Amino acid sequence: MTSQLPSLPRYRIGSEAPALDGDLIRLLADCETTMLGHILYWGAMDPEIRPNAGFVPRIAGRALTVQCPGPCSTILHHAIGLATPGDILVIDRLGDRRYACLGDGVAAAAQAQGIVGAIIDGPCTDSEQLAEMEFPVWCRGVSPVTTRLANLGGGARLNISCGGVSVEQGDAILADGDGIFSLPASEAQDIAAIAHRRGQMVAQRRANRPEGVPLGTLTGASELVLSDLG
């Protein structure tokens with residue numbers, strides 16, 4: 001009779017998601033996250049996940065999801081090798097806020113694999129170096145305490161949670177200075193098209209805004225207020 005208690009495998013790897021259409025990625029990259037925020041009440045990650053060190057290019061791409069527990073980054077090192085050029089790492093830290101799973105060494109490996117950025121629900125390290133090497137990272141600040149290859153387990157290409165948002169492997173990610181959105185691949189084209197068109201319309205309205213007309217008059221807010229005054 002064995003005395004060893006049963007346990008699950010430490011690691012789980014899901015199937016690769018289909019590639020996102022190149023035209024979709026280009027359209028999404030031409031949108032501001034604020035335009036998505038004008039039409040969506042979901043998909044936006046916690047605003048406390050911020051760009052690292054002020055290096056904020058706008059990026060769009062396919063999510064490569066990773067579940068990375070506490071002080072262990074074993075799964076992250078493996079997952080980088082699963083990436084396709086243009087992917088964005090989206091890392092669920094499973095509640096940890098102390099250990100930094102990504103610094104300049106991991107970022108260099110990610111860049112070599114063609115990964116264009118990382119979203120971390122936790123801190124990074126080597127903040128200045130990451131900016132110098134032009135690897136964009138959105139994270140919850142910086143920590144000098146790093147993960148190890150502790151072989152604690154984890155997962156990749158799975159459905160995860162990042163910044164309070166459910167992210168599926170293969171989702172479309174848009175990140176810029178105002179925030180991060182994760183969009184289901186099946187809906188991303190329609191959402192991006194609407195957001196892009198709204199952005200064009202807003203820019204045109206600003207250029208043609210009449211002088212001396214109060215904002216409430218332009219938007220119709222004043223009519224709503226005046227029609228129901230107490």
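About 260 Å³ of space lies in the largest pocket. This is a predicted model, so keep its ground rules in mind: local features need pLDDT of at least 70, side-chain atom pairs count only at pLDDT 80 or more, and totals for chains, interfaces and linings use all residues. Residues are numbered from 1 along each chain as its sequence is written, and side-chain values use heavy atoms, with hydrogens and water left out.

**The largest pocket**

- A pocket here is an open set of points, on a 1 Å grid over the protein atoms alone, where a 1.4 Å probe fits, with protein on both sides within 12 Å along at least five of seven lines; lining residues have an atom within 4 Å of a point.
- Grid points are joined across faces, edges and corners, and a volume is the space filled by probe spheres set on the points.
- The lining of the largest pocket includes Met35, His38, Arg205, Arg209 and Leu218.
- Helix 6 (185-207) and helix 7 (215-219) each supply at least two residues of that lining; helices are DSSP runs of H or I with at least four residues, strands are runs of E with at least two, and both are numbered from the N terminus.
- Sorted by class, the lining has 5 nonpolar, 2 polar and 3 charged residues. Ala, Val, Leu, Ile, Met, Phe, Trp, Tyr, Cys and Pro count as nonpolar, Asp, Glu, Lys and Arg as charged, and the others, Gly among them, as polar.

**The second largest pocket**

- You'll find about 160 Å³ of space in the second largest pocket.
- Among the residues lining it are Asp30, Cys31, Glu32, His196 and Gln200.
- Helix 6 gives the most to this lining, with 7 residues.

**Strand 3 and its partners**

- Strand 3 (residues 59-67) is mostly covered, with 9 of its 9 residues buried (buried means under 20% relative accessible area, with a 1.4 Å probe and protein chains only).
- Strand 3 runs antiparallel to strand 10 (residues 172-176), joined by 4 bridges; two strands pair if DSSP finds at least two bridges between them. Here Ala60 stands opposite Leu174.
- Strand 7 (residues 154-156) is antiparallel to strand 3, with 2 bridges between them; Val66 has Ala156 as its bridge partner.

Notes:
Buried means under 20% relative accessible area, exposed over 50%, partly exposed in between (1.4 Å probe, protein chains only).
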